[in-house]
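I opened my notebook for a first walk through a new structure. Here is what I looked up, step by step.

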Amino acid sequence: MNVITAYLETMFGAYPPTSKMLEAKAELHTMMEDAYHGYLAEGLSENEAVGRVITEFGNLDELAPQLGISAEIAPAAGAFGAADGAASPSASRAAAPAPVTQEEAEGYAEARRRSEPRVALAVAMFVLSPAVLIALATLTGGGAIALDQQVGVLIGLGVLLVMVTVAVMMMVRRGQLLEPFARLTAGEFTRTASVDRWARQLAPEASPRRTTALQVSIALWILAVTPVLAMSLLAPPEVTKSWIGVAVAAMLAIVATGLLVFLPSNWAASVAETLTQAEGVAAASDDRRGIVGVISAFYWPLVVVVFLGWSFIGGDWGRSWIIWPIAAVLFAAISSGLHAVERYRADRAG
């Protein structure tokens, strides 16, 4: 604690000891002391705890809006810039986004917690939407069920369109729930020490559940190919021709189940990342989601057109279903690639 006290004295030593500055100093000392003891309780050594506290609270310019001393430190910050006509840092800071409040951060976290199951269900419906179409196309094509193939395809397309429509409406509704926090998701806010600390504690609290959900989901995704492999390797060729679509539908159902398990558990980590990341990274993340949305807006209709063109023109309903798993894997690769680029830029910015 002596190191923290000495560091605090150095931080405030360049400014006049007015009553407001002394109050801010005492408040910051309490915050740093609480954080220090909190890190010790987490199992960190004294040196590690001190380093964390200084890293978290060591920039008075960032803490000034929260402590209410922006005006008090402005003369010292802009004393040299005024001489040569340059804009002072305090003048630039005046145009900075408003600091995020604790109430705003907690409201955003609650909105994400409530909306993530809806997102998970919508994504699962997107993945599962072609399942009925694939199953009926092969069952009717192979004569496994007494139904005209075109009627079966029509039923499958109807189910696909209904599921996609419902999923899109759920995503739109989720966007409406997060609309009051648009400036947070866009990165248009100034970070504060107290919210940073709260957000960093939020993710570890939810980490055990998220880890378990991730393990279960990965197991499901690995096992998802089992129905297709079993049908291809163990069933007679005449059975495989008719029932391979059912196996693919089962694979999609298992993948969708994994998404339902994992995505709702990811809200805390996402909230912490949004509230603590470098300025501009949140906007980049929002841009990535926007790009993925734009791609999906024409990608899946294009897949439907290709599927119908191959099926009707080529008359090859027994094999055209393969478009759907290939399209799903390709779309996942595109989304993952954009996410990897975003993470790289975030690491560079950090």
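**Entry 1: the whole chain**

How much accessible surface does the chain have, and what share of it belongs to carbon and sulfur atoms? I noted first that this is a predicted model. The accessible surface comes to about 18500 Å², and 64% of it belongs to carbon and sulfur atoms.

Next I looked at the secondary structure and found 17 helices and zero strands. I then checked burial: of the 350 residues in the chain, 37% are buried. I also looked at contacts with a separation of 6 or more, and 78% of them join residues 24 or more positions apart.

**Entry 2**

I turned to helix H2 (residues 19–41) and helix H4 (residues 60–67). Their axes come within 11 Å and cross at roughly 105°. I learned that two packed helices are described by the angle between their axes and the distance between the axes.

**Entry 2: the cores**

I looked for the largest nonpolar core and found that it has 25 residues. Those with the most contacts inside it are Phe12, Leu28, Val53, Phe57, Leu60, Leu67 and Ile69. Helix H1 (2–12), H2, helix H3 (46–57) and H4 each supply at least two residues of this core. Which helix gives the most? H2 does, with eight residues.

Leaving out residues up to four places away in sequence, Ile69 touches Phe12, Lys20, Met21, Ala24, Leu60 and Ala64. There is also a second, separate core of 16 residues, which includes Ala111, Leu184, Val195 and Leu275.

**Entry 3: a covered helix**

Is helix H8 (residues 131–141) mostly covered or mostly uncovered? I found H8 mostly covered, with nine of its eleven residues buried. The buried ones are Ala131, Leu133, Ile134, Ala135, Leu136, Ala137, Thr138, Leu139 and Thr140. After H8 comes Gly143, and I noted its positive phi, near 75°.

I began with Ala199, which lies in helix H11 (residues 193–223). Is Ala199 buried or exposed? Its relative accessibility is 0%, so Ala199 counts as buried. Apart from neighbours within four places in sequence, Ala199 is in contact with Ala272, Leu275 and Thr276. Ala199 and Ala272 are 73 residues apart along the chain, yet their C-alpha atoms are separated by 4.8 Å. I had already met Leu275 in the second core.

Then I went to Ser265, in the loop between helix H13 (237–262) and helix H14 (267–276). With a relative accessible area of 6%, Ser265 is buried, because buried means under 20%. Setting aside residues up to four places away in sequence, Ser265 touches Arg209, Arg210 and Ala213. Its C-alpha atom is separated by 8.6 Å from that of Thr211, 54 residues apart along the chain.

My last stop was Thr165, in helix H9 (residues 149–178). Thr165 has 43% relative accessibility, so I recorded it as partly exposed. Thr165 and Ala122 are 43 residues apart along the chain, with their C-alpha atoms separated by 9.7 Å.

Note on methods: Residues numbered from 1 in each chain as written. Predicted model: local features only at pLDDT ≥ 70, side-chain atom pairs only at ≥ 80, totals over all residues. Heavy atoms only, no water. Axes fitted to C-alpha atoms, helices over the stretch in contact; angles between N-to-C directions. Helix = DSSP H or I, 4+ residues; strand = E, 2+ residues; numbered from the N terminus. Buried < 20%, exposed > 50% of the residue type's maximum accessible area, 1.4 Å probe, protein only. Contact = heavy atoms within 4.5 Å. Areas by Shrake-Rupley, 256 points an atom, 1.4 Å probe, with all protein chains shown as cover. Core = buried A, V, L, I, M, F, W, Y, C linked by side-chain atoms within 4.5 Å.
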